[in-house]
Amino acid sequence: MSAGRSDGCICRARRYRARMAADPVTPPASPPVLDRLDRPVEDLRVSLTDRCNLRCTYCMPREMFGPDHAFLPREELLSFEELTRVLAAFIDLGVSKLRLTGGEPLLRTDLPDLIAMIAPLPGVQDIALTTNGILLPRLAGRLVAAGLKRVTISLDALDDETFRRVADTPLSVRAVTEGVEAALAAGLSPVKINSVIQRGVNDHQIEDLAGWARDTGVTLRFIEFMDVGTTNGWQRERVVPADEVQARIHARWPIAPVEPDRQGEVAERFRYLDGAGEVGIVASVTRPFCRTCVRARLSAIGELYTCLFAATGHDLRAVVRGGASDEELRAAIASVWRARTDRASELRTEGGLTGERVEMSYIGG
Ligand code: SAM
Ligand code: SF4
Ligand code: SF4
């Protein structure tokens, strides 16, 4: 088992069983909905759009996402009222953590309105936003006023040449670091940074990125390059294994593993022994964590995906627009979750996954 990640089954299911064993007479309010591998649904990633203002080569290569690409028409997207209703149903089934993502979620410039609608939902413990940060100088203040507490910003390089090559943009790194500054100034806390590392592309940036994050007071998480979708030309040789990232950081600034705050945490956490905060590694390829995966994903048009590597989703928009009651909506979600057997990363072969897979920009990262 990898450092910093505790082993085994899911704590909520365990707690429920322990609770029932201790007092079988008075059952807790509602039993968790478990999938076929005993995993509850606790974390929902919500894609708000499949569009983006960047073309990161590992996510939306321009050859595949050019002017001719058929993005979802605006009228197909769930309205914020529909989305809030779907989120409330997930929360009733055990979800407590929501992550708003995409595509680039800040392209929905009315996003503060959605935050204001979902922040007060009873049972929501955490709302996170993953963004490339470019529109944060314009929106950070309004997002905070609407109830957003924290943000994750993606940045894969600190030198303009590498950044431009990876994100396929004429913009410079400043476009993102200004977003980081805007997030900090608006009071978002924590501000986390995601960096996807690819061998021969930006692996020379590992120490620079970690050093910059330490100096800036943000928590950086290195992410292994994944074979999401079928368009990003994934090759295993381009994956920089977590072991290597960990060793390189440790050689420069000694680190020690930190116990996860909760089961199902995606990033393995490490603290700098000199007290300069933490760094994380998401080792989806070399240390798969399907066993504790409590994440569901919702596309911008309301399809429920039970795995990042799924080929198809389950149409909840049809359920909502078909006039289902809240109970029927919950039942539809629960029946999909109960049938879930996904563990794609555990089943990944040397050459990577095969078969159709939804694109990450569509399903939400
Ligand atoms: N546009 C926003 C952003 O970039 O933060 C949100 C959506 S993006 C799909 C969410 C996260 O997925 C980003 O941190 C991105 O770096 C990561 N990601 C995208 N493609 C990936 C891949 N092939 N492997 C690993 N991470 C990837
Ligand atoms: Fe856009 Fe985010 Fe994908 Fe980059 S990683 S292309 S910013 S959705
Ligand atoms: Fe969860 Fe699927 Fe990723 Fe495994 S591969 S951790 S089941 S999303």
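Predicted model: local features only at pLDDT ≥ 70, side-chain atom pairs only at ≥ 80, totals over all residues.
Where is the place of Asp 261?

**View 1. Asp 261 sits in a loop between two strands.** Look for strand S7 (255–258) and strand S8 (268–272); the loop between them holds Asp 261. With a relative accessible area of 66%, Asp 261 is over the 50% cut-off, so Asp 261 counts as exposed. To get a sense of scale, find Thr 177 as well: Asp 261 and Thr 177 are 84 residues apart along the chain, and their C-alpha atoms are separated by 28 Å.

**View 2. Leu 353 meets residues from other parts of the chain.** Leu 353 belongs to the loop between H11 and helix H12 (360–363). Setting aside neighbours within four places in sequence, you can find Leu 353 in contact with Asp 227, Phe 309, Ala 344 and Arg 348. Now look for Thr 230: along the chain, Leu 353 and Thr 230 are 123 residues apart, yet 9.3 Å separates their C-alpha atoms.

**View 3. Helices H2 and H3 cross in a right-handed way.** Here you see helix H2 (residues 80–92) together with helix H3 (residues 111–118). Their axes come within 10 Å and cross at roughly 35 degrees. On the H2 side, the residues that meet H3 are Phe 80, Glu 81, Leu 83, Thr 84 and Leu 87. On the H3 side, their partners are Leu 111, Asp 113, Leu 114, Met 117 and Ile 118. Sorted by class, this contact has seven nonpolar, one polar and two charged residues.

**View 4. The buried residues of H3 line one face of the helix.** Which residues of H3 are buried? They are Leu 111, Pro 112, Leu 114, Ile 115 and Ile 118. The buried residues of H3 pack against H2, strand S2 (97–101), strand S3 (126–131) and helix H4 (136–146).

**View 5. Ligand 2 has a shell without charged residues.** Around ligand 2 you can pick out Cys 52, Leu 54, Cys 56, Cys 59, Met 60, Gly 103 and Asn 132. By class, five residues of this shell are nonpolar and two are polar.

**View 6. Ligand 3 has 13 residues around it.** Those that come nearest are Cys 290, Cys 293, Cys 307, Leu 308 and Ser 345. Strand S10 (295–298) and helix H11 (344–347) are the elements that give two or more residues to this shell. How many residues of each class does the shell around ligand 3 have? Seven are nonpolar, one is polar and five are charged.

View 7. In the loop between helix H6 (174–186) and strand S5 (191–197) you will find Pro 190. Next, turn to Asp 38, in the loop between helix H1 (11–22) and strand S1 (43–47). Asp 38 is partly exposed at 28% relative accessibility, and Asp 168 is partly exposed with a relative accessible area of 28%.

Key: Residues numbered from 1 in each chain as written. Chains lettered and ligands numbered in written order. Heavy atoms only, no water. Near = heavy atom within 4 Å. Nonpolar A, V, L, I, M, F, W, Y, C, P; charged D, E, K, R; others polar. Axes fitted to C-alpha atoms, helices over the stretch in contact; angles between N-to-C directions. Helix = DSSP H or I, 4+ residues; strand = E, 2+ residues; numbered from the N terminus. Left-handed = near helix turned anticlockwise from the far one by under 90°. Contact = heavy atoms within 4.5 Å. Buried < 20%, exposed > 50% of the residue type's maximum accessible area, 1.4 Å probe, protein only. Arc of directions from axis to C-beta.
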